[in-house]
Amino acid sequence: MDIKKTVISLAEASGASGSEKCAAEIALNMLKEYCPDAKIINGNVIGCFGTHKEGLPLLVLDAHIDQVGFIVTYITDEGFVKVGNIGGIDRRLLPAQPVVIYGKRDIKGVICSVPPHLTNGDSGVLEIEDVAIDTGLSKSELEEVIEAGDSITFDVTCRDLIGRRITGGALDDRCGVASILYALELLRDKPLAYNVTIIFSTQEEVGERGAKIGAFEVNPDIALAVDVSFAYAIGEEENKCGYLGKGPMIGISPTLSREISNELIRTAETEKIAFQREVMNGLTSTNADRYSVNCCGAKTCTVSIPLRNMHTPVEIIDLEDVELTAELLAGFIREGVK
């Protein structure tokens, strides 16, 4: 498979939390190549990989399909669209950003920006209640095509950077979806140590809700949450970040299974796959937090792809990390816990 094409096709699909249908259908069509029984269940894309054999533990590979965005709250008399946030939007960069409103038809707009000449150059960060979108349409024209509750995302396409790096929106966590698909490609016709089920889950950005539903639906013995985590950039604390191009970040936390963390590390070392350790002191703020306490619990770990500029329209990843993540997942599933 063409990993770059796959990542971009997924990342450019719309799918704010609670409105993931477009992105989910694209992911479903991709997953059906490996899991012919795949379907959308309560919003989640779920499929079984290969033939499930009696006696093998059930392992879930999870990546969330939703992205951060906005929701229409009302339209002002002057024709500006007011919004609330969906997920943890970085409000520092909102002024002048292009967006798409998904109503009866797509409406493009721009978040209002007051020129510095009129603010004495000292305007602060916008509060979300101060955000307004200018579409150029009047209130009556807007009311014909959009309504309160419609979702909004940044209007952005992916672009190439140096080497194998790309930038765009919704790389969190569509690159995780792509890495799982590539892992399945690597596992074609290979003996597996587990029965494997794939879940591309909804609503992670608003409380890991899709994963909670999926965990109860599937009830796995082991779960690997494939997400993104912070890649180092200027001004950040290096000890809290990974690095672009240096491989997947294997989670280590008191809320994760140290057994699975150690086995992922062993797999990476045995297979000579570059990796990084990601040490957390509590909850991971990923879908792993849901799987680990489902029913009787599952042995859970995070495998994260380094990403810069999280929750912005200019997220950055290195495609090398996506491929290395897939290789790690495939190696772990072939070998199993020793």
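**Salt bridges and the overall fold**

D318 forms a salt bridge with R165, their closest N and O atoms lying 3.7 Å apart; the term means a side-chain nitrogen of Lys or Arg within 4 Å of a carboxyl oxygen of Asp or Glu. This pair links distant parts of the chain, with D318 in strand β17 (residues 315-318) and R165 in strand β11 (residues 165-168), 153 residues apart. D318 is buried at a relative accessible area of 10%, while R165 is partly exposed at 24% (buried is under 20%, exposed over 50%, partly exposed in between, with a 1.4 Å probe and protein chains only).

Please keep in mind that this is a predicted model, where local features need pLDDT of at least 70, side-chain atom pairs count only at pLDDT 80 or more, and totals for chains, interfaces and linings use all residues. Residues are numbered from 1 along each chain as its sequence is written, and side-chain values use heavy atoms, leaving out hydrogens and water.

The structure holds 16 salt bridges. In another of them, E33 pairs with R188, with 2.6 Å between the closest N and O atoms. E33 is exposed, at 51% relative accessible area, and R188 is partly exposed at 31%. A network of salt bridges joins E33, E185 and R188.

Stepping back, buried residues make up 55% of the 338 residues in the protein chain. Of its contacts (heavy atoms within 4.5 Å) with a separation of 6 or more, 76% come from residues 24 or more positions apart.

Technical notes. Helices (H or I, at least four residues) and strands (E, at least two) are DSSP runs, numbered from the N terminus.
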